[in-house]
Amino acid sequence: MSVTAQKLVVALLSLALVAALVAAGSVDARRQAEARKHAEAMLDDAAQPQIARGRAVYTKYSCNACHAAGGTGGIMNLNAESGGKVNGLLHLSESYRPAELAEKIRNGVPTVGKGDPTGPDPPLHMPPYRDLIAGQEMRDLVAYLMSLRPPPGEAKSSAW
Amino acid sequence: MSAHPLRRWLAERVPIPMEELRKPLREELPVHLRGWAVWLGGTPLILFGIQVVTGILLTFYYRPDPVRAFESVRRITLAMRFGWLIRSLHQNAGQLMIIALFLHMIRVFVTRAYRRPRELTWVFGMALFLLTLGFGFTGYSLVYDSLSYWATTVGTNLLGDVPVVGHQLLWLLRGGPDVSPNTLARFYNFHIGVLPTLMVLAITAHLVLVRLHGVARLEGDRRHETYDFFPEHVLREAAIALVLLLGLVVYASARPPGLGVPADPTFTPPHIRPEWYFFPSYRWLKLVPMQVGIWTSAGFVGCMMFWPWVDAGLERLAPGRRLGTWLGSAGFAFTLALLVWEALS
């Protein structure tokens with residue numbers, strides 16, 4: 001390979017490295033956004049210890065298994081009236097008072113409404129938590145759920 | 001003589017014979033270096049350079065005390081701008097450096113380029129390899145997650161079993177009988193102070209000897225053509241450096257470094273293992289009684305360190321039989337087998 005060809009190779013590799021660094025910049029921007037979000041959550045937890053405890057209760061009793069982390073919902077529940085998915089929990093503060101929400105958690109949701117009345121029953125329903133969550137844990141969980149808010153601009157949910 | 005006034009001013013105050021300095025650039029290299037083996041010698045140096053730069057950047061934020069070490073690594077990885085990239089480059093350049101050094105040693109071994117008068121070049125090369133392993137061992141411990149903490153504990157425990165000086169060695173490394181805050185401070189000192197100093201000295205000695213003796217010609221290669229160090233060889237090394245950097249950046253972007261669990265001296269994780277490059281000795285020490293393992297490992301390293309003379313002795317013993325090559329190949333195959341065995345277990 002001639003010296004000129006080698007110089008060309010070095011130049012092309014330099015350009016490729018610059019391109020790779022630019023791509024790494026976008027990875028970095030994404031990681032920075034995640035880090036900021038995490039830092040904000042940590043700050044919130046420090047400022048509002050009850051909400052932080054409630055988030056721990058939410059995970060402890062596997063609420064996130066159906067309602068997802070942060071109560072965003074989205075787990076499939078065939079023919080459920082809430083769009084064939086388990087409903088999210090981001091609008092609870094608009095529809096419930098704390099005592100009503102605690103009662104709903106204690107009783108669970110034995111029957112989930114059908115999206116299509118002629119279709120099958122949705123397979124998932126919420127069991128009663130009467131014997132599992134009580135006292136301070138229930139107060140913390142309710143405080144956490146009532147603190148959830150949808151992202152700015154999202155329309156009000158029809159359920160929950 | 002119509003040199004630039006600034007150059008004249010500088011030449012008067014710093015009278016360096018520029019013509020002498022340019023001589024190494026005009027060194028003629030044997031034509032076989034144009035082949036695949038060319039990258040093996042320069043590559044570890046390039047990777048060492050990457051580690052020096054990234055290592056200096058990491059020291060700006062790393063905190064070598066047990067309470068803050070893991071948190072500072074977490075901060076570098078998750079919060080600092082491009083911290084994940086710097087850490088990944090540093091870590092993976094280190095791993096690649098060990099592979100590149102090992103391949104370079106195999107090339108020198110197979111071509112028997114270590115023979116008289118180049119024995120000391122080999123000795124300094126072996127020293128570079130051992131120092132690189134030292135960098136790996138001390139660097140891994142600095143992360144201070146659960147696995148690295150316990151790997152450090154087990155690794156330094158082994159030193160305590162070395163006959164006669166084991167106890168002293170253990171204290172030297174740990175700064176006390178147990179792994180403590182002193183240990184982390186010492187490992188940090190070794191990693192960024194003692195080992196780099198020794199490394200630079202060994203690299204200088206190795207390169208000076210390579211330059212003084214010239215690059216060894218291959219046995220049986222009757223070609224007499226040469227090519228210039230500058231610009232052809234330098235351009236090749238630049239291309240290799242760029243390929244390495246490109247690969248490391250792409251890998252870091254695709255798989256950014258993660259974090260383990262913070263070190264907890266009261267909880268021993270179920271699977272403690274050193275980094276992969278210590279797998280052969282780790283497996284060997286598990287196979288045989290401790291004292292046998294230590295003596296044989298020391299014998300193996302000593303044999304490798306002084307291999308040019310061992311090989312010359314074997315050659316005198318059985319001329320033309322290449323006993324050394326056979327013995328070395330068997331040793332290499334055995335080491336590789338131990339590594340694979342430990343990796344798969």
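Start by selecting Arg322(B), which sits in the loop between α13 and α14 of chain B. Before going further, keep in mind that this is a predicted model. Arg322(B) is not a glycine, yet its phi is positive, at about 50 degrees. With a relative accessible area of 30%, Arg322(B) is partly exposed.

Stay in this loop and pick Gly320(B), which also lies between α13 and α14 (323–344) of chain B. Is Gly320(B) buried or exposed? Gly320(B) is exposed, and its relative accessible area is 62%.

**Chain B as a whole**

Zoom out until chain B fills the view. Chain B has 14 helices and two strands. Along the principal axes, its C-alpha atoms fill a box of roughly 70 × 65 × 40 Å. Of the 345 residues in chain B, 43% are buried. Among the contacts in chain B with a separation of 6 or more, 77% are between residues 24 or more positions apart.

Next, colour chain B by domain: residues 27–272 form domain 1, and residues 277–345 form domain 2. How far apart do the C-alpha centres of the two domains lie? The distance between these centres is 21 Å. Where the domains meet, 24 residues of domain 1 are in contact with 22 residues of domain 2.

**The largest nonpolar core**

Now select Leu47(B), Leu85(B), Trp122(B), Met199(B) and Val249(B). These are the residues with the most contacts inside the largest nonpolar core, which has 50 residues. Which helix gives the largest share? That is α5(B), with eleven residues. Both domains of chain B take part, since at least three residues of this core come from each of domain 1 and domain 2.

Centre the view on Val249(B). Leaving out residues up to four places away in sequence, Val249(B) touches Leu17(A), Ala20(A), Leu21(A) and Ala24(A) in chain A, and Leu85(B) and Leu89(B) in chain B. Apart from this core lies another, of 23 residues; among them are Val57(A), Leu90(A), Val142(A) and Met146(A).

**Two helix pairs to compare**

When you look at packed helices, two quantities describe the pair: the angle between the axes and the distance between the axes.

Show α6(B) and α12(B) first. Their axes are 9 Å apart, and the helices pack at an angle of about 140 degrees. That makes α6(B) oblique to α12(B). To find the contact, select Trp122(B), Val123(B), Met126(B), Ala127(B) and Leu130(B) in α6(B), which meet Val301(B), Met304(B) and Met305(B) in α12(B). By class, this contact has eight nonpolar residues, with no polar and no charged ones.

Then move to α7 (residues 146–160) and α8 (residues 166–174) of chain B. The axes of these helices come within 7 Å and cross at roughly 150 degrees. α7(B) and α8(B) are therefore roughly antiparallel to each other. On the α7(B) side, select Thr153(B), Thr156(B), Asn157(B), Leu159(B) and Gly160(B). Their partners in α8(B) are Gly166(B), His167(B), Leu169(B), Leu170(B), Leu173(B) and Arg174(B). This contact of α7(B) with α8(B) has four nonpolar, six polar and one charged residue.

**Backbone details to finish**

Follow the chain into the loop between α5 and α6 of chain B and stop at Arg112(B). Arg112(B) has a positive phi of about 50 degrees, although it is not a glycine. Is Arg112(B) buried or exposed? Arg112(B) counts as buried, at 9% relative accessibility.

Pro117(B) is in the loop between α5 and α6 as well. The peptide bond leading from Arg116(B) to Pro117(B) is cis, with omega near 10 degrees.

For the last stop, go to helix α10 of chain B and select Pro231(B). A cis peptide bond joins Phe230(B) to Pro231(B), with omega about 5 degrees.

How values were computed: Residues numbered from 1 in each chain as written. Chains lettered and ligands numbered in written order. Predicted model: local features only at pLDDT ≥ 70, side-chain atom pairs only at ≥ 80, totals over all residues. Heavy atoms only, no water. Core = buried A, V, L, I, M, F, W, Y, C linked by side-chain atoms within 4.5 Å. Buried < 20%, exposed > 50% of the residue type's maximum accessible area, 1.4 Å probe, protein only. Helix = DSSP H or I, 4+ residues; strand = E, 2+ residues; numbered from the N terminus. Domains from an automatic or database assignment. Contact = heavy atoms within 4.5 Å. Axes fitted to C-alpha atoms, helices over the stretch in contact; angles between N-to-C directions. Parallel < 35°, antiparallel > 145°, perpendicular 65-115°, else oblique. Nonpolar A, V, L, I, M, F, W, Y, C, P; charged D, E, K, R; others polar.
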